[in-house]
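Let's walk through this structure together, strand by strand and then across the chain boundary. Have the viewer open as you read.

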Amino acid sequence: MIPPSALPEEYALSEEIKNASEAVKQIFSIEHRGKKEYNKLVQKELINRIRRHQYDENTAETRIARITGHIRCLQDTLEKYPRNVKAKQTAQELIDRRKKLLKYLRQYDYKKFEWLLEKLNIVYKAHPESLHKLSRKESLRKLTEMHCEDIRQGKLAEYKNLLESQQGPFLKDKIDALKLIRSEQIELQLPITVMEQDIKKVEQQYEEWKVKDDLKQQARKKKKNLLLE
Amino acid sequence: MYFRKDEFYYCHDPVKKCKTGDIVLIQALPHKMTKLITHEIKDVVYPFGDITDPVTGKKVAKAQYREDIEKQAEIYGKLDSGFDYNKAPARGWQDGKKDFTSKPTYTKFHVFDEEDPYAV
């Protein structure tokens, strides 16, 4: 985030260091000042991203930014020393505190909350309704339920496919039958019950089905080809 | 002693006008839709986290008017890094990116190939 050649706060404004040689600059940079100074710079950088005015120290945004800086530094240490339990605990406590502040900010100023998430690169998830330790039984139950639902949906889709494939031949038969009825009614001079419109409607349905079926066939072919490859 | 009393209404909202936490106006349906659903949503009066003072009609953040907050910042010397209400996009631009609050979260019960952000 911050380059190791950056200068700490107290030297950054100095005129003499600007004209100094590379070696001097390197000695005065945070690379040689230890982790504490580096952490300070990280925090400051985060606060400066969202500061309202120069003396803004204790508003919700700045507090969240400060905590975020602290968390990021602790995470750096944890990457280096993963068995540092104290750092882990502190990080978790700070994350919880930050979450609480974000929760309140969300309640009274949603727009600012969203802006802050973007600026500080934080992900916010709502509190779960019940936070409990997961048991083996619960996990297995949920997975079984999902598996059963999958099977159910698969069977339903298959049955739907079957019914849709039977629609085409049925519509074809229907058109033929309607045409026959109409021609016979005209021939025998009976009252005509089958109109031209009715036949057209069915024909349109048949065309629509054809287009759909073509698409389905193509998709099936593609799948087969993929499997063969 | 004073006891708070809550009433629950199940409302019909087909276009999903409102989100959790909004203050809305509801109207009784002429006929019950189902056994539970008796009302429909007419309007969102105050969206969640974007509150207007009903007396003065000014926007509010917590116990302060937003105007006053701006004024305070100006007196101290306003910086560009601060949040500007006028430039802010409408609510929901971070939904699904960094803000995962539109659905309830649950305890994570399995490691899937595709991770669900709502699993905690």
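**Strands and the contact between chains**

In chain B, strand β1 (residues 10-12) pairs with strand β3 (residues 37-46) in the parallel sense, over three bridges. Here strands are DSSP runs of E with at least two residues, helices are runs of H or I with at least four residues, and both are numbered from the N terminus; two strands pair if DSSP finds at least two bridges between them. Look for B:Tyr10, whose bridge partner in β3(B) is B:Ile37.

This is a predicted model, in which local features need pLDDT of at least 70 and side-chain atom pairs count only at pLDDT 80 or more, while totals for chains, interfaces and linings use all residues. Residues are numbered from 1 along each chain as its sequence is written, and chains are lettered from A and ligands numbered from 1 in the order in which they are written.

β3(B) also pairs with strand β2 (residues 23-28) of chain B, this time in the antiparallel sense over six bridges. In that pairing, B:Ile23 has B:Tyr46 of β3(B) as its bridge partner.

Strand pairing also crosses between the chains: β1(A) runs parallel to strand β7 (residues 99-100) of chain B, joined by two bridges. A:Lys125 finds its bridge partner in β7(B) at B:Phe100.

Now for the whole contact, which takes 34 residues from chain A and 30 residues from chain B; two residues are in contact if their C-beta atoms, placed from the backbone, lie within 7 Å. On the side of chain A that touches chain B, the elements giving two or more residues are α4 (35-50), α6 (85-108), α7 (110-120), β1 (124-125) and α8 (136-187). α7(A) gives the most to this side, with eight residues.
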